[in-house]
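Below is a walk through a structure, taken one chain at a time. Please keep the sequence and the 3D view at hand while reading.

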Amino acid sequence: MRFKDVFSIIGPAMTGPSSSHTAGAVRLARVARHWLGAQPDRARMTLYGSFADTYKGHGTDLALIAGLLNYDTDDHRIPDAEQWAEQAGMTVEFAVNGLPAPHPNTVRFELWKGEDQRTLLGSSIGGGSIHVQQLNEFRVNLTGELPTLVLLHSDKPGTLGAITSALGAAHINIAYMHVDRKGRDGEALTAIETDSSAPAELIAELRSLPHMYEIKMINLKKGAESDAV
Amino acid sequence: MRFSHLHEISALCAEESTTIGRLMIQEQVQETNTTEEEIFRQMSDYYEVMKEAVHRGQTQDTVSRSGLTGGDGKRLAEYLRAGETCSGDASALAMAYALSVSEVNASMGRIVATPTAGSCGVIPGVFISAQERFGWDDEHMVHGLFAAGAIGYVIANNSFISGAEGGCQAEIGSAIGMAAGAMVELRGGTPEQAVHAVGLALKNTLGLICDPVAGLVEIPCIVRNGLGAVTALAAADMALAGVRSAIPSDEVIDVMLEVGSAMPSKHRETAKGGLAQTPTGKRLTESLTRNTSIKKNKS
């Protein structure tokens with residue numbers, strides 16, 4: 001079943017005018033912010049396909065800025081997101097790209113916070129639903145529907161086992177898991193979608209595992225703020 | 001969920017002597033492992049957002065961001081108050097409210113996607129005008145939203161709900177089918193009658209293309225929401241009177257899938273065909289592009 005429950009049909013509550021171009025854009029940008037783990041100082045968003053063609057009229061640009069500010073899909077500040085970003089000291093720029101993209105409504109984020117730079121590639125696939133395809137050029141397959149742990153580590157034997165054991169011991173059920181690496185023995189990324197949020201102690205435990213570089217938590221639940229992780 | 005087709009919904013309701021709305025709540029509890037109270041509260045919050053949108057569209061100026069549309073919901077309500085509607089007061093009020101919600105959507109106001117933002121006016125238009133007319137309480141209306149959700153769930157999973165995928169028959173059509181079935185249930189009709197209402201309504205939207213001018217959710221989307229609300233009321237009346245959908249409603253949903261899949265991409269929200277490519281459609285698109293580039297040069 002593509003649509004899982006009643007609230008994927010009735011809902012979300014959102015700021016108009018388009019669930020694909022507005023609500024989906026907010027959610028993609030929120031995932032990007034959580035992936036950075038903080039509000040970016042600077043953001044550059046490249047739009048593809050229908051996003052590139054009609055983003056002005058649909059307020060897709062405002063929706064993307066709003067998501068970077070961690071606003072939810074129905075936040076009344078979305079139409080004035082440009083001003084709020086300025087007030088928050090966040091510089092944003094938009095570019096359009098005519099190249100073919102994985103989906104007609106696709107956006108690529110480049111985010112900067114101090115020295116830290118991140119990228120995300122994702123699409124808005126209809127009714128406010130999203131599909132995140134890349135985090136820092138690592139392939140993933142995320143919907144943002146479930147709390148998601150993103151772990152950057154080195155590609156060493158036993159690392160995945162240690163991660164899943166720690167989750168199991170904390171009674172956190174893994175719904176979906178995606179692993180990609182830059183090369184053998186190189187940097188690897190594991191994204192784990194879970195049925196419930198990981199508590200702080202579990203994240204601390206995961207962080208102390210050998211070969212672990214960093215952990216980010218993506219959680220699009222209303223009002224959720226993952227910057228502290 | 002224990003159902004994936006409409007005939008399964010009416011069979012389950014008959015076996016368990018329940019309504020579509022109550023069945024949907026029960027299934028949602030099971031599926032998401034949350035409490036009935038929590039689920040009911042979520043849907044009640046959505047109904048509040050719908051009522052606020054109607055109110056905003058009826059009392060405030062809702063000019064869209066493009067400047068192409070706005071004010072028709074109020075215009076229609078004024079015309080209704082002046083008397084002498086052609087389609088009857090119930091239809092005119094449902095239309096006025098549906099236009100208002102769609103206009104709030106186009107002005108970047110707050111709405112609920114039912115099932116999408118492009119079709120967000122139909123259900124509030126039908127529900128809120130009917131609530132005023134029949135004096136139902138909010139709890140009754142929220143049950144109706146669950147019934148609408150169950151119908152939409154079947155349509156979405158067996159066909160489509162977005163114009164980009166299946167044309168406007170999928171987007172506005174789904175909303176009309178959902179509103180028609182739910183209205184039957186709100187009026188005390190049987191689940192079987194509600195299911196017939198869905199088929200009767202969908203038959204009248206089959207083949208409807210998605211052709212938004214300049215790609216924006218405004219022309220013809222807003223007007224189609226208003227007309228859609230009236231179709232939903234009419235289909236509900238037919239079903240309550242005992243009219244049956246001679247082609248079973250599940251088969252009508254399958255036809256929507258067949259027709260939508262066969263639609264060329266120019267008629268699926270790309271703005272490359274239909275009303276978007278009429279001389280006026282093109283002129284409006286060009287004038288918007290020109291304004292945007294003027295703004296760009298200034299900044």
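Chain A contains six helices and 11 strands. Helices (H or I, at least four residues) and strands (E, at least two) are DSSP runs, numbered from the N terminus. This is a predicted model, in which local features need pLDDT of at least 70 and side-chain atom pairs count only at pLDDT 80 or more, while totals for chains, interfaces and linings use all residues. Residues are numbered from 1 along each chain as its sequence is written, chains are lettered from A and ligands numbered from 1 in the order in which they are written, and side-chain values use heavy atoms, with hydrogens and water left out.

The overall form of chain A comes next. Its radius of gyration is 17 Å, which agrees with the value near 17 Å for a compact globule of 229 residues. That radius is taken over C-alpha atoms, and the globule rule is 2.2 Å times the number of residues to the power 0.38. Along the principal axes, the C-alpha atoms of chain A fill a box of roughly 50 × 40 × 35 Å.

Of the 229 residues in chain A, 57% are buried. Buried means under 20% relative accessible area, exposed means over 50%, and partly exposed lies in between (1.4 Å probe, protein chains only). Chain A exposes about 9,300 Å², and carbon and sulfur atoms supply 50% of this area. Accessible areas come from the Shrake-Rupley method with a 1.4 Å probe, and for residues only the protein chains shown count as cover. Among the contacts in chain A with a separation of 6 or more, 70% are between residues 24 or more positions apart; a contact means heavy atoms within 4.5 Å.

Side chains of opposite charge can pair when their charged atoms come close. A salt bridge is a side-chain nitrogen of Lys or Arg within 4 Å of a carboxyl oxygen of Asp or Glu. Over all chains, the count comes to 24 salt bridges. One of them joins A:E110 and A:R44, with the closest N and O atoms 3.5 Å apart. A:E110 lies in strand β4 (residues 105–113) of chain A and A:R44 in strand β2 (residues 42–48) of chain A, so the pair ties together parts 66 residues apart in sequence. A:E110 is buried, with a relative accessible area of 17%, while A:R44 is partly exposed at 28%. Both residues belong to a network of salt bridges that links A:R42, A:R44, A:E93 and A:E110.

A further salt bridge in chain A is formed by the side chains of A:D180 and A:R139, at 3.3 Å from N to O. This pair links distant parts of the chain, with A:D180 in strand β9 (residues 174–181) of chain A and A:R139 in strand β7 (residues 138–142) of chain A, 41 residues apart. A:D180 is buried at 11% relative accessible area, and A:R139 is exposed at 58%.

Which residues does A:H21 touch? A:H21 is found in helix α1 (residues 19–36) of chain A and is buried, with a relative accessible area of 2%. Not counting residues up to four places away in sequence, A:H21 touches A:S50, A:F51, A:T54, A:H58, A:T60, A:A63, A:N105 and B:E269. The C-alpha atoms of A:H21 and A:F51 are separated by 6.9 Å, although these residues are 30 apart along the chain.

Chain B has 13 helices and one strand. Its radius of gyration is 19 Å, close to the 19 Å that the globule rule gives for 299 residues, so chain B is as compact as a globular protein of that length. Of these 299 residues, 57% count as buried.

Within chain B, B:R2 forms a salt bridge with B:E27, the closest N and O atoms being 2.7 Å apart. B:R2 lies in the segment before α1 (6–15) of chain B and B:E27 in helix α2 (residues 20–32) of chain B, so this pair ties together parts 25 residues apart in sequence. B:R2 is partly exposed at 43% relative accessibility, whereas B:E27 is buried at 5%.
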